[in-house]
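Here is a short briefing on one protein structure. Please look at the sequence and the model before reading on.

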Amino acid sequence: MPDLFMLGDPANVSAYQAQGVLMSIDPNMVKEKMPEYYKDVEQSKALFQTVTFNDKLWAIPMFIDLKPYDLTMLWRKDWLDKVGIAKLPETLDEFEKAAYAFAKQDPDGNGKHDTYGLTGTATSTWSTGFYSIFGAFGVEPTMWQEKNGQVVNGSVMPEAKDALAKLRQWFADGVIDPEFITDTQDTYRKKLYNSRIGVIEEQIGKAALTDGATVVAMKDVNPNAKLALGKNPKGPGGSGSWDWGIKSNFVVIGNKVKDDPAKLSKIFEILRAESSDEETINMTSMGVKGTHWDFAESGATSGATKFLSGFEKQEQRDAIGARLFSLGNITTRSYRDKYSNAKLNEAVRTYSSAPSWTDALLFAALPSDGKYKKDLTALTQKYFAQFISGELPLSDFDKYVAEWKAKGGDELTKEANDMYQKQFKK
């Protein structure tokens, strides 16, 4: 077992802790040994609770404030122009009008009935797709949400049924691509590029700037097309999309280190440098300035950075060791502010649905998740796909809820409320 490594989720920390391979961490030691970073992460105290089991801390949480991977709407602006919609849709009704126009008014001009408004990702491993549409009804399936002081799973809330009714109508009217059940983010991007659908849910960082990955890919496939970033549609429950919240990865320490005080001291020396020493962070994450990377704007001493010729690809940077010894989002806010892209940050602030939309438990692992969570997510995906496609009547929603509860949902709900009351209630 390594002395120091990263895990991506509270559930991973829980699994490793249960196997006895992790060392518990004294929060006072983090405060003493990493004062600059601790000051920042302490502003999000709930993160410590996500990896506190048996009243002991088992990981040092990372945090992220501005998330370029938050989802918002990306429109084919040339299609909106073609169907006579001048204003980017902001409400659910406006979204619906545009989606129907894309499906019915031949926006690609080929004289064929071969376009749809949108598609989804019904088999995502952590949710059910159509995040922004569910968000317009005030719910996100599979996410734990606080309602009137109690924690409820979004999958079984009445608002989920309302969203399903809307999606079901769109599907019946030929507005949703029938391949939504098997589509992924990769396939629906290709459908946007190739003029099959007119709007997708996209990561802000991939579409907000001219050099964003999706914008560049669109130009390669369809250079005459125009894209425009818009907000998640506002409906009866507000607006929003799936959001990971402030949670990022977690640093953990192997169990054997507790018997070696000198090694533990050195590890914290490394962690302090990786989190607050500018030179160490840059060397481990990007390499040598002027050789491997530089600021994007000529002569700048802060702001966005770029990799230089010969090091644009990740495998080229891996070959020199850049990133391999980086600990990612364990950096302080002051470092992030200096090296961030101001234009991208502004786009995230404009289009992200954070911080109001995230899991009430910050995705902390429940004691019985391993027993039930995977099967319950699959159950939700199956039922929701059948509701949307019309394979099952929407009146079966109550039957679905009963099955969800009986197959472990009730037990998880009790555990979620116990954890919320003990660790997360404000």
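How are α12 and α13 oriented to each other? They are roughly perpendicular, a label for angles of 65 to 115 degrees. This is a predicted model, in which local features need pLDDT of at least 70, side-chain atom pairs count only at pLDDT 80 or more, and totals for chains, interfaces and linings use all residues. Residues are numbered from 1 along each chain as its sequence is written, and side-chain values use heavy atoms, with hydrogens and water left out.

**Two helices**

- Helix α12 (residues 261–276) packs against helix α13 (residues 278–285) at about 85°, with the axes 6 Å apart.
- Axes are lines fitted to C-alpha atoms, for helices over the stretch in contact, and angles run from 0 to 180 degrees between N-to-C directions.
- Helices are DSSP runs (H or I, at least four residues), and so are strands (E, at least two), numbered from the N terminus.
- A273, E274, S275 and S276 in α12 meet E278, T280, I281 and T284 in α13; contact means heavy atoms within 4.5 Å.

**A buried loop residue**

- T331 sits in the loop between α14 (314–320) and α15 (333–339).
- T331 is buried, at 6% relative accessibility; buried means under 20% relative accessible area, exposed over 50%, partly exposed in between (1.4 Å probe, protein chains only).
- Leaving out residues up to four places away in sequence, T331 touches Y37, F63, E274, S275, I281 and R336.

**A three-stranded sheet**

- The open sheet has the order β8-β5-β9, with antiparallel pairing; two strands pair if DSSP finds at least two bridges between them.
- β8 (199–203) and β9 (227–230) each have a single partner strand, so one side of each lacks a neighbour in the sheet.
- Neighbouring strands of this sheet are turned by 40° against each other on average, direction ignored.
- Four bridges join β5 (residues 71–76) to β9, and L74 has L229 as its bridge partner in β9.
- α9 packs on the sheet and touches β5, β8 and β9.

**A lysine in α9**

- K191 belongs to helix α9 (residues 185–193).
- K191 is buried, with a relative accessible area of 9%.
- A polar contact of 2.6 Å links the side chains of K191 and E179; such a contact is a pair of N or O atoms within 3.5 Å, where, within protein, one must be able to donate a hydrogen and the other to accept it, and residues adjacent in sequence count only if both atoms are side-chain atoms.

Methods: Parallel < 35°, antiparallel > 145°, perpendicular 65-115°, else oblique.
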